[in-house]
Amino acid sequence: MTDPRVGDMDPESFRRWGGEVVEWIAEYMESRESLPVLSRSRPGDLRALLPEHPPEEGEDPSVWLEDFRSQILPGITHWNHPGFLAYFAISGSGPGVLGEMLAAALNVNGMLWRTSPAATELEEHVVGWLAELLGLPASTFGVIQDTASSSSFAALAAARHQAFPRVREEGLAGAGPGRIYASEEAHSSIEKAVIALGFGQAGLTRIPVDAQFRMRPDALAEAMAEDEARGVRPVAVVATLGTTSTTSLDPLTDLLPIARRHGAWVHVDGAYGGAAAVLPELRHHFAGWDEADSIVVNPHKWLFTPVDCSVLFTRRREVLRESLSLVPEYLRSREEDVTTSLMDYGLPLGRRFRALKLWFVLRYFGARGIRERIAHHIELGQRFGRLVDDAPDWVRVAPVPFSTVVFRWKPGEGEWSGQDLDQMNLRIMEAVNARGQLFLSHTRLAGRTCIRVSVGNLETRWSHLETCWTQLQEEVARVEAEFSPAP
Ligand SMILES: Cc1ncc(COP(=O)(O)O)c(C=O)c1O
């Protein structure tokens, strides 16, 4: 007699439904281009379809898998679509998806070595591979976090610990004021980390950028010197290599000596741009990063690994550990002195087996395959940049070091104000997005609204960018004809 109170989905059912799911994924990969890349869902659409209460009795997988198709899919914006050119375009590649499936099946929580020795050792090893691919010493210590936000938080926690060694015990109340420095273009995750670490928003100084959106070393030097003279402790300088709006690169080799002069930790945010360091010909953009105290690179952005996977590298492993490690008796183990406890290097205790998917991705594509794909994306982005440059009524607003192009429709003639043009650029972009084949996003630079095209999906081809350009021109004509400025 089977006891109904015991047991999971039986293996036979799992085989059947698992087979169907894998089949669905393969078909999705084949046909995703026919789906609108930006979801057409309106707020509340899905909630209106969902029953108010959970089912009292279990339901057959056929029922909920059908609901997945009919109810969930329409509310999906397809990040894995070749027409996805918004934010930073990404790929959850086939080998990465397989890694996710196996990690879910094993359901490992890799907080300590003994809670799955392979999870710890594979992570230690595979981040070493990644370091090598990026031109960093293969011995660089790295740890996988969920996102760059968590990686930068951990890095800045270490920086805080370096600046205020009693902070663990006493907090910041009795310490003098501390400052973190990042450019005006640095990602909001840095500001969030500064808030969460108790410095307050006032604890972050946003350093002005030059005409190419790079942190100005002279302004950094001035701000740090002034602060130090007032008794403010410089805690960290965050240099971004590949900013979110334009992928600009802060001049790290100029910033490093300034930060060092004031004893500040140097953290490099290469969440997106760091992936480009796989190309030896682009390593000049990353000069000096091996001297930084910490670096974040997200394989889930431009290294074909499904969300989530962010690697925090640090040359200051011990400081990071001292800043965040807390080991209660129930987490002690015999082998703790001779193994790595990955829980010691971040905020969460529990940690997914993310190294598996990264390992699969690196093994499937190989170093050469990854270099070729990144180089191809850069080629596509730069070719698109040239289209913009050659068009009389468009301006490219920032350099294109990688595969992201930022531009704006700005006709030489016409009675439009800057604000009208902001509105019109947004409308042009929204109109392209509404067509369904492409998804673009926008940003604001030097007070003006700009459109961004970012290439990062493995299936994106030149034809998608040609379509993008054609649709933009068509929508310009329509918006121009229909636009009337706000009174
Ligand atoms: C430069 C940069 N840093 C950090 C982040 C935050 O990434 P995550 O979503 O992994 O926290 C982003 C996101 O786009 C980014 O562009």
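Which residues are closest to the ligand?

## Ligand shell

The ligand is surrounded by 15 residues, the closest being Thr147, Ala148, Ser149, His187 and Ala271; a residue counts as near if its C-beta atom, placed from the backbone, lies within 6 Å of the molecule. By class, this shell holds 4 nonpolar, 10 polar and 1 charged residues, where Ala, Val, Leu, Ile, Met, Phe, Trp, Tyr, Cys and Pro count as nonpolar, Asp, Glu, Lys and Arg as charged, and the others, Gly among them, as polar.

The model is predicted: local features need pLDDT of at least 70, side-chain atom pairs count only at pLDDT 80 or more, and totals for chains, interfaces and linings use all residues. Residues are numbered from 1 along each chain as its sequence is written.

## Domains

An automatic or database assignment divides the chain into domain 1 (109–352) and domain 2 (363–482). Their C-alpha centres lie 31 Å apart. In domain 1, 18 residues are in contact with 16 residues of domain 2, contact being C-beta atoms, placed from the backbone, within 7 Å. The side of domain 1 that touches domain 2 comprises 10 nonpolar, 8 polar and no charged residues.

## Ala211

Ala211 is exposed, because 8 other C-beta atoms lie within 10 Å; the term exposed applies at 12 or fewer such atoms, buried at 20 or more, and partly exposed in between, with C-beta atoms placed from the backbone. The C-alpha atoms of Ala211 and Ala398 are separated by 8.5 Å, although the two residues are 187 residues apart along the chain.

Definitions and conventions
Contact = placed C-beta atoms within 7 Å.
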